[in-house]
Amino acid sequence: MIRLQSLLCAQMHQNYASKVLFQPVSLVINGNKYLSSLSSGNIDANDVAKRSLENMKIIIKKDTNSTNNKSSILNAKDWVHELHLNGTGYLTLSKKDEQLQHKSNTTTVAADSNKKNIELVLVTSSSNGSDRHQTFIYETLDTNMSKSFDEYPTILDTNTSLQNPQCTKTSPLRWRNFALGDIKLRIKEAVEAMRDFALKHNNQINLPESDKNTYLNALSEAEKFIEMDVMVTSKKDKERLFNYLQLPSEYTSSAQARVALQILNAAMSAWIFNYPMMKQNPSISQQNDKVNQEFLKLSKELYEAILDSVLISSIMSINKPVVFKHKKVTTERIEKYISDTYFTDANIYGKIYPLINKDAVSLKVTTEKTDRLSYNDAMKLSFRDCKVGEVFGPSWVTYWFKVHIEVPKEWKGKIVHFLWNSSSEAMIFKDGIPVQGLTGGTWVDKRIEYKLFDKVADGGELVNFEIEMACNGMFGVGKDGLINPCDETKTFKLERAEIAVFDEKAYKVYTYLTMLYDIAKNFPEDSVKASQAIWCANEMINHLNVQNSQTFDVVIEIAKKFFSLKNGDSQTVVTATGHCHIDVSWLWFYAETKRKAARSFATQVLYMDYYPEYKFTQSQAQLYQWTKELYPELYQKIKEKVVKGQWFPVGGTWVEMDGNLPSGESFIRQFLMGQRFFKKEFGEYSKVFFLPDTFGYSAQLPQVINHMGIRNFMTQKLSWNNINKFPHNTFIWEGIDGSQVLTHFPPANTYNSQADVKELVESATNNKDIERCNHSLMLYGNGDGGGGPTIPMLDRLHMLKDTDGIPKVKFSSVDEFFDTIEGCRENLLTWIGELYFELHRGTYTSQAATKKGNRYCERELHSLEMIMSLCDHYLGTSLYRDHRNSLQELWELVLLNQFHDVLPGSSIGLVYKDCYEHHQKVLQTTKKLIDKTLEVLVSHISPSSSTGSNTYVLLFNSNDFEITRTLEMPVQTKTLQKSYHGQSLQTVTIQPNSVKLVNLTTMEATKPQVPVTLKESELDLFIQNQYIKLTMDKTNGKIRSLVLVNGDRELIKHGEYANEFVLYEDIPLFWDAWDVEIYTQEKPIQKPKSTHVPKVLESGPLRVVLQCQFQTDENCVITQLITVNHYSSRIDFETTVHWKESRKILRVEFPTNIRSPNANYEIQFGHIERPTHFNSSWDVAKFEVCGHRWADLSEYGAGLSLLNDCKYGYSIHNGLMKLSLLRAPKAPDAECDMGTHNFTYSLYPHDGRLQDTGVIAQGYQVNSDFYQSSCFHSDNANLEHKQIPSDKAFITTDKNSVIVETVKLAEDNNDLIVRVYESYGGHAKFHFVSNQSIDHFTEIKECNGLEEPLSTHSTVEKLTLSNEFSLTPFQIKTFRFIR
Ligand SMILES: [Zn+2]
């Protein structure tokens, strides 16, 4: 083999030093241009290139070992020609790297070993790709052509010759990773170091004086250009520079390239002149040896820095034709270069995976579809061979795959990805542990890649793992689209199972182009930023040759120049926290969510290994609980990441619940269970209430949040408002009691941010409080169906950390974000009252059975806790303690089903099967336990319950109100009236929170002071008691008149009917189950008609009961029992509806003649006022609102309350009161609300203000029942004997406005927890009243909702039952009663 030694050199020039390094660059540039001219056959195409090469010579010298010492000089043009004939397509110039140096075994290298590190490498590559290189090295560059060739630095062939172009496949030569931003700094520093050094040691430097001066001048000139930030803008600048550099005028290179060349000249003149002098004058060199060595070192550094820069800059810019740029056309050009649909054969997207191997992956799959199995159970199944293209299904089943991969040997050193797309969700297991989730399909949330090795492949590896394939997509199995009902027969095709080489640089180029495209699209068209982005991307594309990965470096450098321009201090800081919103049920059900959580969590844990600075936020204790139970190893990893400060549990609640519908106590329990879980598992309570995706926020939430130890609140849903724009992003939210929480709505208006330019920019531009607080939070990561951040999201944010014009990115936690904005608090505005969501108003009504189930579960759990507390405290039993775990489980089920897509009614039908079962379990278990507790109480009263002459029953009132009720007795008693069932009726009153023993045998038929009566005329029915006169039209079953006896005040609007059912057309804009739209109000379409004259079932004196029926056709049949008792003005409407309508909403309406600008609605622990008019758009938006047990419309002297036992949707305007009863949406549950419904609503006319006339108590009454024990027999039962006070409150207060809401055992011991609230909206002082002796409770401690004593109370006086306590309007207090 001929050892070709050649010297690549330029022709002689007088000022050689300033030209010498310019020439090799010129050779590369023009050589490439010329090569492509040759390839295209159009040799005259690039005349400049040709001419430039004509002027250049390459000197080739034979091997020094060879006897023939002759050398030859080639014209560069001819040499390039020759390369072309050998198939060379591309020339590049680089520096020789270390590895190559050691590989060189020529004597020349050995002899001149002190001349290392000043080498250049010329690489020629074939037109087919980068694997055919020819390499030449200059070891040094001497310019003195007068010397003999022996003294020239030699250029070595690295065992590569023109004859053996293949051998550099594994060549260590690689295009250097240039970092232009760094290089600029490097050059600057190197220039400064050189200048300082040269000035200081001028005398000692071994340069001729004239050269020294030239050299110093050059340095100083160069510095000026650097300071000018290399923007050569005028023609004069250019001429000056070109003259100085003696550059030919056709070099229209960028200013940066020119300056780099200039500095390079300066450096080279130092270095080049110095080297031979050092060599020639050893004595001088010895004398100033140290100085000159240092000088050499500095010049070498400068030289190297500049060389990197000049190579890139020159290649980028020289001889570029300047063309007119059309913004729109150019922007589309960028789009096509990153498109995953168009031109993928020629664009950069198509190069991210340049090599794909399908044969390397072999698959086996379970022979049968399975249910959701554990890994261990799945591995016991039998497996068969399987191929890509197979189809799996139907919806919701599971298949397990065994994956075996043989990595090709030749992929050594490559980054290898496993690509899997089963058109569905899937999860990779390694050694039985989930390691990453996969999301198939084609949508934006696709995640099909799994990195096989931490770094690169060794080649030849055998890899095995398993995949669990779930036959559902990220968004379930909806028919033809997102929110449609499930298609139970859906199938999923295995589209890909292969391995691929991942080209990191192509991916980087792609990412930069994508971001530039986003800037071009999202900044105003006439903005500087958009123009610059288009320019930069266009430059990148011009220099990009997707077939040649070496050009990727060049274009990455172009991009970096753009992205490394820094922001000023005024730029918004965006705290970016990774997040994965997992709807605990929605278009899938709980069982699948457990796997969704594991898939998402495993992925994020893995990414935390890849990106140590990555921070991730995850809410919902329930998801952690499931992961802990089902995937303990994964859970352990999560805990480790929490400790490491990468994973941040957040939120404080059990699930992200609905913000309107749960009761006050449910709100408290969401936090109590959530916070206790977080504390136990992760060591601390959440500091932020995190509820990004619920459909409105109760005005009582700020107080609940505070009560549960939280001061900060994060959400964003109001950005979806469809009428008014909410005016804040960072503000103080104040609840009805005055509690305040620092609140932030991420201005990107999403909790599933894609971490792209658009959302970063919007984090500033959408921030309506930016002048008050220049910080925004961004929650990035795919969500709803889970997933979380993707690698591209993380990379984008890293690249955009601080780019001029785009908000700065800070990787941090939500807690830290709130700590930051706390500093803005004093400037923030306050929003008082509810955060009413102007959308999804149908969620107060959809899925009626779920809402009823929830309401009933809430009240039954309340009663159970009360009666078990009562029993244990009266009798010293341990019922509560014994059933603590059951209670915990029951609450978990209730809280779970309050999730923000479940309770609102926006989930698929399958979810409501689960939900129904859960609610039934709670209701059955609570009933069983309440019955059991009653039996325990009874057993203490009458141990032998089978004997005795008297029959007793024990009744229990679980509410903090005296309640009167006409009851059907379990056995016949003396009575004035029998029910229509034939049972004896008795009116019974029970004191608050108490049990009452009733002797059925001795019970008298007590005549009411004023009985209720029923009279009839030809047309009407008249019902009257001491409070009201009710007139019902017999012909249509509707209420014609309702008069308050006291004051003779008619409440029904003249000429209209009350208790009128109306069906409205109910077709929302998109979100079917979610939305009732404003126009629905304009389109009543049907009024169910009375089918017969009201039937009188009972006619007094205790109560009157009428039966009515109304219907449209068989799709809507309404049966009602209308009851009026002698003791109350309340009219109860016990209603059954057979409902098979489609896209209609059923309301019951009461037109009143009450005039008031506001109506009141019960919410959690209080009530709020809302307008009854449509003055402003904000009033209009509240055309349908959420109320709990009652809504009330009152004027001075008279009012009407509309109560319910399981409804939430009200609209009260212009005197017309409406209650929404049922809807019939068809998505995502096609069967939503179809079937039979039972519910009760009531009308409560009153003459005073709502606070004075017992409206609040009526709300409790309509929502409760007396609990009854079984009948038992005794001769003389006496509760007092047994320490069970009959008909005396267990615990109550002496103030009507103060309600004991909850009595329960403490979570951590057997203290009694008593929660009270002020219900009227005024200040209140009160005492507790208990039948337990005052000594029984030795101390009362005020606590927070977490049941922790408030520190202020621990050291002051010991509070007992004798103390007076106080509450402010709507205040909630929790007390610990200590025995
Ligand atoms: Zn959600």
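Tutor: A salt bridge is a side-chain nitrogen of Lys or Arg within 4 Å of a carboxyl oxygen of Asp or Glu. The model here is predicted.

Student: How many salt bridges does the count come to by this rule?

Tutor: The rule asks for a distance within 4 Å between such a nitrogen and oxygen. Counted by this rule, the salt bridges come to 57.

Student: Which residue does Asp1287 meet in a salt bridge?

Tutor: Asp1287 sits in the loop between strand E55 and strand E56, and its partner is in strand E32, 291 residues apart. Both residues of the pair are buried. The N to O distance is 3.4 Å, and the partner of Asp1287 is Lys996.

Student: Is Asp385 buried or exposed?

Tutor: Asp385 forms a salt bridge with Lys364, with the closest N and O atoms 2.8 Å apart. Asp385 lies in strand E9 and Lys364 in strand E8, so the pair ties together parts 21 residues apart in sequence. Lys364 is partly exposed, at 37% relative accessible area. Over 50% counts as exposed, and at 54% relative accessibility Asp385 is exposed.

Student: Is Lys1034 buried or exposed?

Tutor: Lys1034 forms a salt bridge with Glu1016, the closest N and O atoms being 2.9 Å apart. Glu1016 is in strand E33, while Lys1034 is in the loop between strand E35 and strand E36. Buried means under 20% relative accessible area; at 15% relative accessibility, Lys1034 is buried.

Conventions: Residues numbered from 1 in each chain as written. Predicted model: local features only at pLDDT ≥ 70, side-chain atom pairs only at ≥ 80, totals over all residues. Heavy atoms only, no water. Helix = DSSP H or I, 4+ residues; strand = E, 2+ residues; numbered from the N terminus. Buried < 20%, exposed > 50% of the residue type's maximum accessible area, 1.4 Å probe, protein only.
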